[in-house]
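Thanks for coming, everyone. Let me put the sequence and the structure up first.

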Amino acid sequence: MLADQLGGQVVAEHLVLVETVLPPHAMHGRRRLADALESLWPLAISAPTPPPQAGEGLYSLLPPAREAPGGRVLGIDTETTGLAGGTGTAAFMVGIAEPGLDGVRLRQWLLTAFAGEAAMLAELDAALAGAGLLVSYNGKTFDLPLLRDRRRLQRAPAFPEPPHLDLLHPTRRLFRGVWPDCRLVTAEQRLLGLFREDDLPGSEAPRAWRDYLAGGTPDDLGRVLRHNALDVLSLLLLGPVLARALHDPLGFGADPLAAADAWSRRGESRRALTVLERARHGLDVRGALELARRLRRAGRWTEAVAVWERLAQSGCPEAVESLAKYHEHVRRDWETALDYTARLGEGPEARRRRGRLERRRGGVQGRLDLAE
């Protein structure tokens, strides 16, 4: 019987549930499953804000995810009959993982025929009820819309949908300019140290299920089950790692400018500046210009000027222009401002600035002559 072969049980006609509780010390790549309880702040809107920055360590005293308002965190992933989507596509397997103090509870529902779909959706309905946060990878675009559509086709009420954190989006923001791609398997290898062995690719899952329905062996279904389990466990661990990467982008090989932008979107300007300051020696031109801009806005002119001067030495026109403005409007040093303006070429704005500075310099010189 299929349920026995997979280590599961029949919970409804044509529906098998495989449930496992994995201990907190179990390893997933180089991460312990207990790490899934670390905070998702600031990735998740529902995550609590940590204490003030004074005296904090690199990552601050982040509260554990289990204390987030709204309760349970669930990772979710589906295996489907096709990857194109649309009403002809259905989920034949859904996995949900939930971290807790005693380990990770992993539940995977498998259809043994299309007739079991309504029962599976009802099981999911109960599993999602009361959840505080749903974590997925491309789930906002694919998994959840698919389940929503299948629910409508069954003429059943809509799913209870908790706040949803799709990890594909912060992964792309932090690493799209660094990694060759942002697929889940790439994120697993680079952030979790997980290299899958004998893994059945997700693209092969539909074929494995169709083969079983056609009377084939269930061997590949076992491999699909393992593939799905790895997916949902990775979701629980990637969230906290991405949250840490926002605090220390260079330590995780992420783009510091993207991390600073993420903090700014949360209204955390001080943290955005702190991230850029910590990464100052690894910033590219864009990042260094943003660092100088934020230093200027914080009133830290001397530090901002030092960044601009370093960039200007390498020929950065934006830095040269900033120095021209600084010496004109802040220091009112017309000569130095003219020197930097001369390096800006012959554009309309440079000509206007040069004319204005020459008039101001001439006015000062005229007053000096009268004074003598």
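I will go through the sheet, the helices, some backbone details and the salt bridges.

First, the ground rules. This is a predicted model: local features need pLDDT of at least 70, side-chain atom pairs count only at pLDDT 80 or more, and totals for chains, interfaces and linings use all residues. Residues are numbered from 1 along each chain as its sequence is written, and side-chain values use heavy atoms, with hydrogens and water left out.

Now the sheet. Helices (H or I, at least four residues) and strands (E, at least two) are DSSP runs, numbered from the N terminus. Two strands count as paired if DSSP finds at least two bridges between them.

Strand β5, residues 72-80, and strand β6, residues 91-100, are antiparallel, with 6 bridges. Asp77 sits opposite Gly95 in β6. A helix lies over this region too.

On to two other helices. Start with α5 (184-192). Which of its residues are buried? Leu184, Thr186, Ala187, Glu188, Leu191 and Leu192. Buried means under 20% relative accessible area, exposed means over 50%, and partly exposed is in between (1.4 Å probe, protein chains only). The cover over those α5 residues includes β3 (27-28), β4, α4 (168-175) and α7 (219-247). Contact means heavy atoms within 4.5 Å. After α5 comes Gly193, with a positive phi near 70 degrees.

Then α9, residues 269-278. Its buried residues are Arg271, Ala272, Leu273, Val275 and Leu276. They pack against α7, α8 (256-265) and α10 (285-297).

Some backbone details next. Trp41 and Pro42 are joined by a cis peptide bond, with omega about 10 degrees. Pro42 is in the loop between β4 (31-32) and β5. Asp198 has a positive phi of about 50 degrees. Its place is the loop between α5 and α6, and the residue is exposed at 62% relative accessible area. Arg332 has a positive phi as well, near 55 degrees. This residue lies in the loop between α12 (317-330) and α13 (334-342). Arg332 is exposed, at 54%.

Now the charges. How many salt bridges does the structure hold? There are 34. The criterion is a side-chain nitrogen of Lys or Arg within 4 Å of a carboxyl oxygen of Asp or Glu. One is Asp199 with Arg196, where the closest N and O atoms are 3.5 Å apart. Asp199 is partly exposed at 21% relative accessibility, whereas Arg196 is buried at 19%.

Asp220 and Arg223 form another, at 3.5 Å from N to O. Both lie in helix α7, 3 residues apart, about one turn of the helix. An α-helix has 3.6 residues a turn, so residues three or four places apart point the same way. Arg223 is partly exposed, at 29%. Both partners also belong to a network of salt bridges that links Asp198, Glu204, Arg207, Asp211, Asp220 and Arg223.

One more pair. Arg286 bridges to Asp255, with 3.6 Å between the closest N and O atoms. Arg286 is in helix α10 and Asp255 in the loop between α7 and α8, so this pair ties together parts that are 31 residues apart in sequence. Arg286 is partly exposed, at 47%.

Last, the cysteines. A search of the whole structure finds 0 disulfides, meaning pairs of cysteine sulfur atoms within 2.5 Å. Cys182 is buried at 13% relative accessibility. Cys316 is buried too, at 6%.
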